[in-house]
Amino acid sequence: MALDGIVIACMAKEMRERIVGGRIAKIAQPEPDALMLTIKNQKDTWKLFLSAGASLPLVYFTEGNRPNPMTAPNFCMLLRKYIGNGRILSVTQPGLERILMLEIEHLDEMGDLCRKKLIAEFMGKHSNLIFCDQSGTIIDSIKRIPLSVSSVREVLPGRPYFIPDTMQKKDPLAVPEEEFQKLLAGKPAALGKALYTGLTGISPVMAEEICFLASLDSSRPANLLSPLEVSHLYGTLGRMAEDVREGQFSPCILYDGRTPVEFSALPLTHLGKLSSVSFPSMSQVLESYYASREALTRIRQKSAELRHTVQTALERNRKKYDLQMRQLADTQKRDKFRIWGELINTYGYGLEPGAKELSALNYYTGETVKIPLDATLSPQENAKKYFDRYGKLKRTFEALTELTQETEEEIRYLESVSAALDIARGEEDLVQIKEELRESGFIRKRGRGEKKARITSVPFHYLSSDGFHIYVGKNNLQNEELTFRFASGGDLWFHAKGIPGSHVIVKTEGKTKEELPNRLFEEAAALAAYYSKGRDSDKVEIDYVEKKQVKKVSGAKPGFVIYHTNYSMVASPSLSGLTEL
C-alpha cells in the first residue's frame, strides 16, 4: 500500500507534536532522492527521514542512521546554507493532498529573519522535495523537472511553486454533499474506483473500507446508486473525514501470519481475515512495515537460485511424466495381441496359405474378432509375432509403471521443497533447504575440503489458546525430525490431505484425544492448512492421527510418510488464537 492522504495527515499531526518549535541541527542526504533532518526540540532530538524515491516515497521518524556520501550533494549544501539551525514554525498539509509543507524561520546573511518552505510531495514517480522562498518561488529541488519532462509543471529554480490539479479531484474533508452526488452521478465506474479517482488522498484500500462501512458493494456502478445510498455513503465519508480533522488516528499494520500485507492510519475492518497490530505512531508503522517487506524481499532474492533449481527440476520431471504416461497408454493394447496369438493357435489350422485375415470367436468376450495376418507367414509364425509384441509391451508396461511412480514421487518431493521455500523466513532456513537439495542430488556435492553448512534453523513453535505446544516443520528435514525423533507416540500429527505441506505436531502432555479441547484440534488444523500449498484456499482438508500411526517408508524421500487409520476435518488457513514463541 502506498502513502495516501490519510497516512500523510497522520504523519503531519505526529510532526507537529514533535518538531514544531525545534531547530534543525543537521541536514544530510544519504540517498540521491532522500533527506535526513536531525531536529532538536527542547530536550528531545528527532531524526526525520524524507524520501522522494519514485518506487518508494516515504516520511517517518527513525532512530537509525544511514551512511552519507563523502561529499554532500548540491541540494544538501543549499539547505545547510539557508536553513541550517533554522526553526520549524509549522507543518501543514493542503487539504488531503499527499504533500507536507515545513515552514522554517532562519537568519539571512544580514542577520534578518527570513522564512523558507521545504515541501515534500509523495506522489509515486512524481515525488519530489522542493525548497521555496517565502513568496513561493522555487529555489531548488532534489529532482529538477524541466518542461521537456512534464508539460503540466516545471520544477526549476525561479519558477513559481503550485500544486498541479490534473485530476480535478474533490477534497474529501470539505466536499459538499451536492458536489459529492454529482461526482458519483458522473462516474459509471465501480463505486470503489469512483471514490479513489474522484477524491483527493483516498487510496483504493480506503475506498473499499468506506464502501464496507456504508454496507455498499464496491463493485456496483457509482452512477446507479439511489439518492438514499449516496446520502448514507456521504455520511460514512463525513465520519472518516471528522476523524482525520480531529486527529483520531489508529496506526496499524495488517498481517497474513507474519507477512505484512497492508498498513493504515485508520482501522481497516473490511480485511477481517488479516490480523491487525496497532502501533503508537505512524512512523513506527512505516518503518516496521517496510523493514519487514525489505526482509521478505531479501529472502526472496537470496532464494532465487534455489527456486530456479527446484523449478527447473520440476519442469523436467513433469515433461518426463507426461511422456511416460503417453507411453504407458500405448501399452494398454498388449492383452489384445496376446489374445490374438491364442486365437490364431486355436483357429488357425483351417487357414488357407496366403490368408490376410482370420475371423474368430473371442472365447473371453463371446464376440467375433477379425485378426490381421501377414500373408507371407504361417499361422504359427503369425501367432508368435503377436506373442512377441505382447511380451515387449508387457515388459514396457512393467518398467514404465515403476518409472512413472518414481517420477511422480520426485514431483511430489520437489513440490514440497517449493512449499518450504515459500515459508522460509531467514537465511538459516535457506541453508537447511540447500543442504536437503544437496543430499537429494539436485545440487552438486561438496568439493574436497568444503565444510558442511551449520544448521541453525528450527521449527515454528506456537502456543494454542489452551496452552498446548504446537510445532511446525519448515522443510522436509524438519518434518522428519519432528515426526520421528521429537514427537511421542501419543502426540497428535496433522497434515494437509493430498498436497505439500508441513508436519504439525501437537504435544498432548499424556492426554488422550477425548481429554483434549475441541479448539486445540481446530487451531492445529488451521495451522496445518496455513503451512501448506492450500494456504490461499478458503478451506483445506486436514488429516490427523496419533503420531504412533505414522510410518516412514523405507527408501522414501525425507518427510514422506504413510498412515492408514486417520481422522479428517476441514479447516480455514489461519493463525488466529495462536501465539508464536
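**Ground rules.** Since this is a predicted model, local features need pLDDT of at least 70 and side-chain atom pairs count only at pLDDT 80 or more, while totals for chains, interfaces and linings use all residues. Residues are numbered from 1 along each chain as its sequence is written, and side-chain values use heavy atoms, with hydrogens and water left out.

**Overall shape.** I started with secondary structure and got 13 helices and 23 strands in the protein chain. Helices (H or I, at least four residues) and strands (E, at least two) are DSSP runs, numbered from the N terminus. Next I looked up the radius of gyration: 35 Å, well over the 25 Å that the globule rule gives for 581 residues, so the chain is more spread out than a compact globule. For the record, that radius is taken over C-alpha atoms, and the globule rule is 2.2 Å times the number of residues to the power 0.38. The C-alpha trace spans about 125 × 60 × 55 Å along its principal axes. I also checked burial, and 45% of the 581 residues count as buried. Buried means under 20% relative accessible area, exposed over 50%, and partly exposed in between (1.4 Å probe, protein chains only).

**Salt bridges.** My rule was a side-chain nitrogen of Lys or Arg within 4 Å of a carboxyl oxygen of Asp or Glu. The count comes to 26 salt bridges.

I looked at E342 and R338, whose closest N and O atoms are 3.0 Å apart. They sit four residues apart in helix 9 (residues 334-347), so about one helical turn separates them. E342 counts as buried at 19%, whereas R338 is partly exposed at 22%.

Then I went to D466 and R519, which meet at 2.8 Å, N to O. D466 is in the loop between strand 15 (460-463) and strand 16 (469-472) and R519 is in helix 13 (residues 518-530), so the pair ties together parts 53 residues apart in sequence. Both ends are partly exposed, D466 at 32% and R519 at 42%.

K170 and E179 also pair up, with 3.4 Å between the closest N and O atoms. K170 is partly exposed at 32%, and E179 is partly exposed at 35%. I also noted a salt-bridge network linking R307, D422 and K533.

**Charged patches.** For these I took residues with over 30% relative accessible area and no salt bridge, joining like charges within 9 Å. Lys and Arg count as positive and Asp and Glu as negative, with His and the chain ends not counted. I placed each charge at NZ of Lys, CZ of Arg, CG of Asp or CD of Glu. Areas come from the Shrake-Rupley method with a 1.4 Å probe, and for residues only the protein chains shown count as cover.

K333, K336, K385 and R389 form a positive patch. K385 lies in helix 10 (residues 379-423), and its relative accessible area is 30%, partly exposed. A negative patch is made by E402, E406, E408 and E409; E402 is in helix 10 too.

N85 is not a glycine, yet has a positive phi of about 70°. N85 is in the loop between helix 2 (74-83) and strand 5 (87-92). S215, also not a glycine, has a positive phi of about 60°. I found S215 in the loop between helix 5 (204-213) and helix 6 (227-245), exposed at 67%.

Conventions:
Patches are made of residues with over 30% relative accessible area and no salt bridge: like charges are joined within 9 Å, nonpolar side chains (Val, Leu, Ile, Met, Phe, Trp, Tyr) within 5 Å.
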